[in-house]
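Please follow the account below with the sequence and the coordinates at hand. It moves through the structure one region at a time.

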Amino acid sequence: MTRISTNPAFFKKAFPVIFLIAFSIAHSFSESVDVKGEKYNLTISYNKFSLPGDAVFVRVNLETSDKYLKDSPVATSGKIQIFEGDTELFESTSFDAGSAKDLGHADFYRISESSVSVDVDVEQTDVKEKKSFRRKKQKNLVQPLQTKKETILAGIPLSSYFKTGEHTIIVTLKPFGDTKRQITLPLMINNKEFVKETIQLDAKNTSIRTNDSDERWRQIKKLNGILGTTNYDAVYDLGPYDAPTPATRRTSFFADRRIYAYNNGKSATSLHYGIDYGIKEGSEVRACAAGKVVLAETRITTGWSVVIEHLPGLYSLYYHNSVLKVNVGDIVKKGDLIAYSGKTGLATGAHLHWEMRLNMEAVSPDFFLGDFTFDTHSESR
């Protein structure tokens with residue numbers, strides 16, 4: 001692929017190292033907040049520090065022993081919202097959330113539910129209660145304390161153009177169907193630099209890039225319809241995910257600011273939505289995580305393409321393949337062979353384009369290589 005970089009020459013070489021350091025730092029600052037109440041307790045986990053082009057996920061573990069809530073057929077519901085500004089502003093009693101600009105929002109979905117029996121600790125009660133407990137125990141009237149647990153999750157994509165600085169997450173919940181409550185969480189978006197590049201296109205690729213046919217627009221509409229679908233029962237893999245290839249050579253990065261230079265002298269700006277791996281044609285392409293294949297076909301721009309659904313609103317995309325090994329409706333596991341790489345569609349050479357979409361928005365695939373749902377250390381799994 002021919003490139004004319006507007007960045008210093010060393011930047012391309014140093015970028016993978018810089019990016020990996022930034023990636024590690026962003027994922028090391030997960031935060032947990034415990035909220036105790038009379039009817040229920042909850043623990044909120046989220047990534048307090050993030051980068052433009054990443055995402056913010058909020059996980060809530062809830063627990064109740066309240067005799068009414070634990071038997072309630074109503075599940076916990078709620079949403080998260082992101083606003084620009086310091087958290088103290090949003091905690092002010094005079095603040096009107098309706099007047100602030102919502103920079104992103106998403107509904108929670110349930111990823112687990114359980115009921116457990118807990119033995120009553122007699123020593124934690126007073127003398128009168130102990131005597132009553134012993135009388136009931138002798139008559140076999142004592143029942144283990146029933147505790148209901150729920151775990152919910154929500155994620156919001158952060159545009160690569162997202163403004164850096166202090167932000168606030170507002171978590172709105174109705175725990176087990178109880179009264180609505182709001183919790184504010186601080187969020188810091190740190191700075192990140194993106195590559196700028198110009199890509200020279202030959203006649204073939206210029207024709208593909210400027211294709212305005214009804215068929216191409218039909219394909220775009222179909223893909224957007226898939227990516228815009230949020231199936232709240234589609235909980236296949238909570239991560240961490242794997243890269244779809246063991247290759248480490250990247251020929252393009254996420255959110256590169258591109259200029260396509262056409263062979264007719266014209267040009268157009270664009271944003272690169274994924275990562276390009278420089279691998280030879282016929283290399284194995286494997287599913288980054290468990291999920292359901294929702295698209296497997298050839299497209300004018302992206303060639304032989306695969307799209308997999310992993311979580312509600314979360315999809316992985318694999319472009320420019322030479323051969324597909326899956327069909328729509330297939331359930332795949334992480335690491336399953338789904339295609340062989342190629343150079344179909346708009347491509348100046350053999351490579352794999354790997355992309356992640358959350359609620360339609362492109363998110364850095366590297367973000368999902370970490371414990372982005374805070375699942376590996378959770379007791380609720």
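The largest pocket has a volume of about 750 Å³; the model in which it is found is a predicted one. Its lining comprises 30 residues, and those nearest the centre of the pocket are Ser270, Tyr273, Thr301, Thr302 and Tyr319. Sorted by class, the lining of this pocket consists of 13 nonpolar, 10 polar and 7 charged residues. Which elements supply at least two residues each to the lining of the largest pocket? They are the helix α5 and the strands β14 (257-261), β15 (267-271), β20 and β23. The largest share comes from α5, with 6 residues.

Strand β23 spans residues 352-358 and is mostly covered, with 7 of its 7 residues buried. The side chains divide between two directions: Leu352, Trp354, Met356 and Leu358 point one way, whereas His353, Glu355 and Arg357 point the other way. Residues of both sets are buried, the charged Glu355 and Arg357 included.

The pairing of β23 involves several strands. Strand β20 (residues 314-324) runs antiparallel to β23 and is joined to it by 6 bridges. Strand β16 (residues 274-277) also runs antiparallel to β23, with 4 bridges between them. Which residue of β23 is the bridge partner of Gly274? That partner is Glu355, and Glu355 is likewise the bridge partner of Leu317.

The structure holds 8 aromatic pairs. One of them is formed by Tyr241 and Phe368, whose rings are stacked, with 6.2 Å from centre to centre and 20 degrees between the planes. This pair links distant parts of the chain: Tyr241 lies in the loop between α5 (214-227) and β13 (250-252), while Phe368 lies in the segment after β24, and the two are 127 residues apart. Are these two residues buried or exposed? Tyr241 counts as buried because its relative accessibility is 1%, under the 20% cut-off. Phe368 is buried too, with a relative accessible area of 0%.

Phe368 also pairs with Phe367. The centres of the rings of Phe367 and Phe368 are 5.2 Å apart and their planes stand at 90 degrees, so this pair is edge-to-face. The angle decides that class, because planes over 60 degrees apart count as edge-to-face and planes under 30 degrees apart as stacked. Phe367 is buried, as is Phe368. Together with Phe57, Tyr241 and Phe372, these two residues form one aromatic cluster.

Aromatic rings elsewhere in the model take part in another kind of contact. The charged end of Arg257 sits over the ring of Tyr161, at 4.2 Å from the ring centre. Arg257 lies over the face of Phe194 as well, 4.3 Å from the centre of that ring.

Where β4 meets strand β11 (residues 181-189), the two run parallel and are joined by 2 bridges. In β11, Met188 is the bridge partner of Phe49, and Ile189 is that of Ser50.

On β10, which spans residues 165-174, the arrangement with β11 is antiparallel, with 9 bridges between the strands. Here Gly165 stands opposite Ile189 in β11.

Methods:
Residues are numbered from 1 along each chain as its sequence is written. This is a predicted model: local features need pLDDT of at least 70, side-chain atom pairs count only at pLDDT 80 or more; totals for chains, interfaces and linings use all residues. Side-chain values use heavy atoms; hydrogens and water are left out. Two strands pair if DSSP finds at least two bridges between them. Buried means under 20% relative accessible area, exposed over 50%, partly exposed in between (1.4 Å probe, protein chains only). Rings of Phe, Tyr and Trp (its six-membered ring) pair if their centres lie within 6.5 Å; planes under 30 degrees apart count as stacked, over 60 as edge-to-face and the rest as tilted. A charge sits over a ring if NZ of Lys or CZ of Arg is within 6 Å of the ring centre and within 35 degrees of the ring normal. On a 1 Å grid over the protein atoms alone, a cavity is a set of points where a 1.4 Å probe fits but cannot get out, and a pocket is an open set with protein on both sides within 12 Å along at least five of seven lines; lining residues have an atom within 4 Å of a point. Grid points are joined across faces, edges and corners, and a volume is the space filled by probe spheres set on the points.
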